[in-house]
Amino acid sequence: MFTSLFLTIGLIHLIALASPGPDFALILRTSLHRPTALGAALGIALAIVVHATLSLTGISLLIAEHPWLFMTVKVVGALYLGWLGWGALKAAWHSSAELALHAGGEAQGWRKGVQRGIATNLLNPKALLFFMGLLAAMVTPQVDGLTRGLLVLELFLLSLAWFGVLAWSLSTVRAQRLLGRVQRPLNLVTGLLFGAVSLSILTGMAGEAYALVLP
C-alpha cells in the first residue's frame, strides 16, 4: 500500500546523501583511519534515525515552534560545525597527515568515529529541517506506526550503506595515495565547507533577530 511512499522518500534521501555537506566532509577527513571512518558512517546513520524519529513523532515540529529551544539547537550546531571547520583549516596550514586527523577533534578509533558522526549530523540544524520538511510533507496521519518504523529503518540502512561504502572506498591504499597528494587543498575545502554552513546558520539567525526588533 505504501510502496510509492518508501520509493519516493528513499530516492529523495539518496539524493540528499549524495550532496556534499558536513557528513561527507567528516568521512573524507576521518578516512585516514578506516575504523574511525566506518565508525563515523555508523554515527551519521544513527543520528539520522534520531532526526527521522523526532520528525515522525512531531517532536522536531515542537522544537521548531519554540524559538528559544530552536535557537539553542542552532547556536550549538553552528559552533560545533565552526569548530570542525577551524580544525580542518589548521590541518590545511600544516601538511602532517596525523594533524589532519586530530585537528578537528577526530581522534582515532571506532568509538570516536561514532561519536563524531552522531555529533556532526545531530547538531546540524539543516538536517533537522530537512527531515522535518520531508517526512511531515509525505507521511500523513493515515500512515500506521509499523510503516513509520519501517521508514526509519529504510533511512538508517540507506545512510549506513552510502556512508559505509564511502568510508571503505576512501580508506583504501589507492585512495589514500591519491588523497595524500591533495591533502592540503582537501583540508582547506572541508574547512571552508564546515565554516560556510556554520556561518550561514549564524547569519540566518542574525537576520531573524534583526527582523524581530524592526518596528
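Start at Leu32. This residue counts as partly exposed because its relative accessibility is 37%; the cut-offs are under 20% relative accessible area for buried, over 50% for exposed, and partly exposed in between, with a 1.4 Å probe and protein chains only. Leu32 sits in the loop between helix 2 and helix 3.

Two notes before moving on. The model is predicted, so local features need pLDDT of at least 70 and side-chain atom pairs count only at pLDDT 80 or more, while totals for chains, interfaces and linings use all residues. Residues are numbered from 1 along each chain as its sequence is written, and side-chain values use heavy atoms, with hydrogens and water left out.

**The whole chain**

Zoom out and colour by secondary structure. The protein chain has 11 helices and 0 strands; helices (H or I, at least four residues) and strands (E, at least two) are DSSP runs, numbered from the N terminus. Of its 215 residues, 44% count as buried. Take contacts, meaning heavy atoms within 4.5 Å, between residues at least 6 apart in sequence: 85% of them join residues at least 24 apart.

Select residues 22-30. This is helix 2, with 8 of its 9 residues buried. Pro22, Asp23, Ala25, Leu26, Ile27, Leu28, Arg29 and Thr30 are the buried ones.

Axes are lines fitted to C-alpha atoms, for helices over the stretch in contact, and angles run from 0 to 180 degrees between N-to-C directions.

Show side chains here. Asp23, Phe24, Ile27 and Leu28 of helix 2 meet Phe163, Leu166, Ala167 and Leu170 of helix 9. By class, this contact has 7 nonpolar, no polar and 1 charged residues. Ala, Val, Leu, Ile, Met, Phe, Trp, Tyr, Cys and Pro count as nonpolar, Asp, Glu, Lys and Arg as charged, and the others, Gly among them, as polar.

**Helix 3 and helix 7**

Next, select 34-57 and 110-122. The axes of helix 3 and helix 7 come within 6 Å and cross at roughly 40 degrees. This crossing, too, is right-handed. On the helix 7 side, the meeting residues are Trp110, Gly113, Val114, Gly117, Ile118, Asn121 and Leu122. Helix 3 brings residues including Gly39, Ala40, Gly43 and Ala47. The contact divides into 12 nonpolar, 7 polar and no charged residues.

Stay in helix 7 and pick Asn121. Asn121 is buried, with a relative accessible area of 3%. Beyond its neighbours within four places in sequence, Asn121 touches Asp23, Ile44, Ala47, Ile48, His51 and Ala127.

**The largest pocket**

The largest pocket has a volume of about 340 Å³. Of the 18 lining residues, Ala16, Ser19, Asp23, Asn121 and Asn124 are the closest to its centre. Helix 1 (3-18), helix 2 and helix 8 (125-138) each supply at least two lining residues. Helix 8 gives the most, with 4.

A pocket is an open set of points on a 1 Å grid over the protein atoms alone, where a 1.4 Å probe fits, with protein on both sides within 12 Å along at least five of seven lines; lining residues have an atom within 4 Å of a point. Grid points are joined across faces, edges and corners, and the volume is the space filled by probe spheres set on them.

Note on methods. Left-handed = near helix turned anticlockwise from the far one by under 90°.
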